[in-house]
Amino acid sequence: MVARSLALIMLTLTTLAGAQQPGPQMPDPQTMQAQVQRIAQERAREAEAAARAFLHLISQQRGQGPVETTLTVLESLKAHDLDAYWREVAQLTVQFDVVQSLARRDSVRAGLVTQMFGLELMARTLQLAYRDANETQRETYRSQIEKVISAHFDFENQLRMLEIKDIERRLAEVRAETARRVEKRAEFVKWTVDDIIRDATRPQ
């Protein structure tokens, strides 16, 4: 689920956040996955620090659980499955980098993306609990996962609405500029011809 989840969210973010005004572009899902794999293999302490910093940031968002809960899950992974622990650390580290990059140009979108990443973390945590649960408990966990994914979908739609507004604003600007150029067509033609003539008669 880790790789599939990352690919899904990054595909969404590439579409919604990468097509904004000039600025740093969102990396594609394949690049993100390659970064996760590299970090998971290198196991650098800096990645652990970044992952924990991101957990603290996520816990500050409305509706997200306390950071102690996610840190406990992370420490449990570290004690029982080191490979899974580093995959989780790597994913959180890469996601933190995405949020920081986005925050430099759009704090609103960065907040929404942070919420989405936090919900993905909840889904992964519930998935771990589901694996070890009995049938009765699994029904409860399934219901919780459905709520998490539903909230994730709502944040995704908020990102899409922001993108629609940006497209509408840019379209209005293009239409206004086109109308202005049509209205002042004769002046634009005269200015361009004057420039060409001046350039032709300029001493070499």
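Helix H6 (107-131) contributes the largest share of the lining of the largest pocket, 7 residues. Helices here are DSSP runs (H or I, at least four residues), numbered from the N terminus. A pocket is an open set of points on a 1 Å grid over the protein atoms alone, where a 1.4 Å probe fits, with protein on both sides within 12 Å along at least five of seven lines; lining residues have an atom within 4 Å of a point. The model is predicted: local features need pLDDT of at least 70, side-chain atom pairs count only at pLDDT 80 or more, and totals for chains, interfaces and linings use all residues. Residues are numbered from 1 along each chain as its sequence is written, and side-chain values use heavy atoms, without hydrogens and water.

In total, 21 residues line the largest pocket. Leu77, Ala84, Arg124, Leu128 and Arg131 lie nearest its centre. H4, H5 and H6 each give two or more residues to this lining.

The largest nonpolar core holds 36 residues. Such a core is a set of buried Ala, Val, Leu, Ile, Met, Phe, Trp, Tyr and Cys residues joined through side-chain atoms within 4.5 Å. Among the members that touch the most others are Phe54, Tyr85, Val89 and Phe117. H5 gives the most to this core, with 11 residues. Leaving aside neighbours within four places in sequence, Val89 is in contact (heavy atoms within 4.5 Å) with Ala47, Glu48, Ala51 and Leu74.

Val98 also lies in H5, which spans residues 82-103. The C-alpha atoms of Val98 and Thr114 are separated by 9.3 Å.

Note on methods: Buried means under 20% relative accessible area, exposed over 50%, partly exposed in between (1.4 Å probe, protein chains only).
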